[in-house]
There are 2 protein chains.
Amino acid sequence: MSDVQNAPAAATGPVRRSRDVPMLVERARAGDPRAVARLITLVESGDEVLPQVAAALAPYGGQAQVVGLTGSPGVGKSTTTNELVRALRARGHRVGVLAIDPSSPFTGGAILGDRVRMQDHATDPGVYIRSMSSRGHLGGLSAATPQAVRVLEGAGCDVVLVETVGVGQAEVEVASLADTTLVLLAPGMGDAIQAVKAGILEIADVFVVNKADRDGADATVRDIQGMIALGERGPGEWRPQVVRSIAARAEGIDDIAAAIDKHRDWLERHGELRRRRETRAAAEIEAIALGVLRARIGSLRDGTQLPTLAAKVAEGALDPYAAAEDLLAQLGS
Amino acid sequence: MSDVQNAPAAATGPVRRSRDVPMLVERARAGDPRAVARLITLVESGDEVLPQVAAALAPYGGQAQVVGLTGSPGVGKSTTTNELVRALRARGHRVGVLAIDPSSPFTGGAILGDRVRMQDHATDPGVYIRSMSSRGHLGGLSAATPQAVRVLEGAGCDVVLVETVGVGQAEVEVASLADTTLVLLAPGMGDAIQAVKAGILEIADVFVVNKADRDGADATVRDIQGMIALGERGPGEWRPQVVRSIAARAEGIDDIAAAIDKHRDWLERHGELRRRRETRAAAEIEAIALGVLRARIGSLRDGTQLPTLAAKVAEGALDPYAAAEDLLAQLGS
């Protein structure tokens, strides 16, 4: 494992001058894990040089398969990720992992700091692993994650695993940046029903029933296959795969890797890879543009414009819609 | 209870023509519950005449005390609200209730439809009660609720109770539009700790320990008083009150009403009422302005601009920040 994660403190020195960025990108492309770490830190911090980082990385995006891996706490996401990294390496892939799961043992070093399992890959230079906190970012997770994926693509990863917890809108959003989405379930957790409720069924390309040696595994597989059968799809449309695994015993992992490869083939054959990336890029552009506008409105908070308007609204001299129009006029929008 | 809630279907006819709005406001001010119902429905639906409704209501805002009432499911929010309405009526107040609590028996007629308890007020023309769904609004709850409060103010309510569940950011946001925030707790629910975690402690002006006849009530009161004692406050600053109640037996309700009155006196004496309203107005203006900008960006999604930019980003010819700048330039921002 390259020490992207192990050396964040040392790697987060000031990178304020714009000329540092192209150099960092060059070093990251040459495989320097410290440069990769710095770039992700910049991306995560929402640093003012972020647009420059994005500009420097732009030519190197788009060649990795982004695999989202999501599931409730306790289904075995980190164990599966760990084994999957091994299987993907065996298939010759360079692998990046972004762990955005607050419950994951290798997420949020400051919170848990337990990266024991991933130390399996500690000596493998073909693997980058990075925890990302799901809180406290300007513009939220959705702003930082696509750029972090670009950093890993720039560093030569051809598969980037993005691990999230499958609960909540933020996680579904993150999953939406994946080319291929894996949903992990475990028997007897009522997950099949949960998956339907959370809208996860719609986003899953591959279902992994982990802990498949447990009671109820057959029923869970049957439930999912039943739900898949109910879904209407045209000829040539992808039919979600169902794979069984026992990640703790490294069983079924090759089947997961095979399903990922199969889905990539399908994506490429049907022009879906390009389509998904364009959809993602559009969402990213929109999010950035909204963030800029939000910041501009926020800047008026410290001036006299917004307080003046607010006072008028509070005393009933103006309605809030007219005030908002005024505010936008002052922004020049 | 005026039949704002009982007749929503009949009251939601088309109000598209702008000349209807001033008439509705006039009728609402004269105490016509159907007009009040229609206006709240317009506000809730995010109808295009919303800015007109806001303009027509603007002169009549600001005289009601907005009381937020929040707490976990099971603490007895609806029973307390019901009794509190009675106590406030006895003090001569005209009372409006906005129930935005999905677990509340009188919330979301379509979901639960059980308004049994509130039928205590069914014959009282000085009480307006309205359920609001916390989902599916353009711009979210935060956009609709302040306008619904204005409708009730316009209809002559001098106290508006806004009932929400005390979990989640959305509810804390709604509580932030209150002049006075009541946090309901019950013994033995670990609520004191939950309150700290959820940041509810900071927003509470009055703590109500309901079900005070249960085991652990003394401990809960002690816990809260301990937390209040730890908080630093300057001279003249409001010190949160702790009140015990057994709403199911109508005990302690007058104490809650007295605490609400006391807080209003304090707000007025310290200029806080005006300050809170200005802060709220500022937040409201910002939210509306952002909504307008979001809609404008959204309108570009259907044109060729955003897809063209997204394709360039997807192929690496452009980075997303430069694309966002382009997009904003096209918006004229």
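Predicted model: local features only at pLDDT ≥ 70, side-chain atom pairs only at ≥ 80, totals over all residues.
Me: Now the two chains together. How do I read an interface, and what area do chain A and chain B bury between them?

Reply: The general idea is that an interface's size is often given as the accessible area lost when the parts come together. Here chain A and chain B bury about 3900 Å² between them, and 72% of that is on carbon and sulfur atoms. Three residues of chain A, namely A:Ile285, A:Glu286 and A:Tyr321, supply 19% of the area that chain A buries against chain B, more than any other three residues.

Me: How many residues of each chain are in contact across it?

Reply: You will find 43 residues of chain A in contact with 43 residues of chain B.

Me: How many residue pairs are in polar contact between chain A and chain B, and which elements of chain A give two or more residues to that side?

Reply: Counting pairs with both residues at pLDDT 80 or more, two residue pairs are in polar contact between the chains. The elements of chain A that give two or more residues to the side touching chain B are helix 4 (50–57), helix 7 (141–154), helix 13 (272–301), helix 14 (305–314) and helix 15 (320–331). Helix 13 of chain A gives the largest share of that side, with 17 residues. Sorted by class, the side of chain A that touches chain B has 28 nonpolar, four polar and eleven charged residues.

Me: Charged residues make me think of salt bridges. How many are there between chain A and chain B?

Reply: In general, side chains of opposite charge can pair when their charged atoms come close. The structure holds 30 salt bridges over all chains, and the count between chain A and chain B is two.

Me: Which residue of chain A forms a salt bridge with B:Glu315?

Reply: That partner is A:Arg274, with the closest N and O atoms 3.1 Å apart. B:Glu315 lies in the loop between helix 14 (305–314) and helix 15 (320–331) of chain B, while A:Arg274 lies in helix 13 of chain A, so the pair joins two chains. B:Glu315 counts as partly exposed at 49% relative accessibility, and A:Arg274 counts as partly exposed at 44%.

Me: And which residue of chain B forms a salt bridge with A:Glu315?

Reply: Look at B:Arg274: its salt bridge with A:Glu315 has the closest N and O atoms 3.1 Å apart. This pair crosses between chains, from A:Glu315 in the loop between helix 14 and helix 15 of chain A to B:Arg274 in helix 13 of chain B. A:Glu315 is partly exposed, with a relative accessible area of 48%, and B:Arg274 is partly exposed too, with 43%.

Me: Inside chain B, which residue forms a salt bridge with B:Arg276, and how far apart are the closest N and O atoms?

Reply: B:Arg276 pairs with B:Glu272, and their closest N and O atoms are 3.1 Å apart. Both lie in helix 13 of chain B, four residues apart, which is about one turn of the helix. B:Arg276 is partly exposed, with a relative accessible area of 23%, whereas B:Glu272 counts as buried at 15%. In chain A, salt bridges that share partners join A:Asp205, A:Glu272, A:Arg275 and A:Arg276 into one network.

Me: Is B:Arg280 buried or exposed?

Reply: Buried means under 20% relative accessible area. B:Arg280 has 18%, so B:Arg280 is buried. This residue lies in helix 13 (residues 272–301) of chain B. Leaving aside neighbours within four places in sequence, B:Arg280 is in contact with B:Val66, B:Ser176, B:Leu177, B:Ala178 and B:Asp179.

Me: Finally, a strand. Which way do the residues of strand 3 of chain B point?

Reply: B:Val127, B:Ile129 and B:Ser131 point one way, B:Tyr128 and B:Arg130 point the other way, and all are buried. That strand covers residues 127–131, and five of its five residues are buried. Strand 2 (residues 95–99) of chain B pairs with strand 3 in the parallel sense over five bridges. Within this pairing, B:Ala99 stands opposite B:Ser131.

Notes
Residues numbered from 1 in each chain as written. Chains lettered and ligands numbered in written order. Heavy atoms only, no water. Contact = heavy atoms within 4.5 Å. Buried area = accessible area lost by both parts, 1.4 Å probe. Salt bridge = Lys/Arg side-chain N within 4 Å of Asp/Glu carboxyl O. Polar contact = N/O pair within 3.5 Å; in protein donor to acceptor, adjacent residues only side chain to side chain. Nonpolar A, V, L, I, M, F, W, Y, C, P; charged D, E, K, R; others polar. Buried < 20%, exposed > 50% of the residue type's maximum accessible area, 1.4 Å probe, protein only. Pairing = 2+ DSSP bridges.
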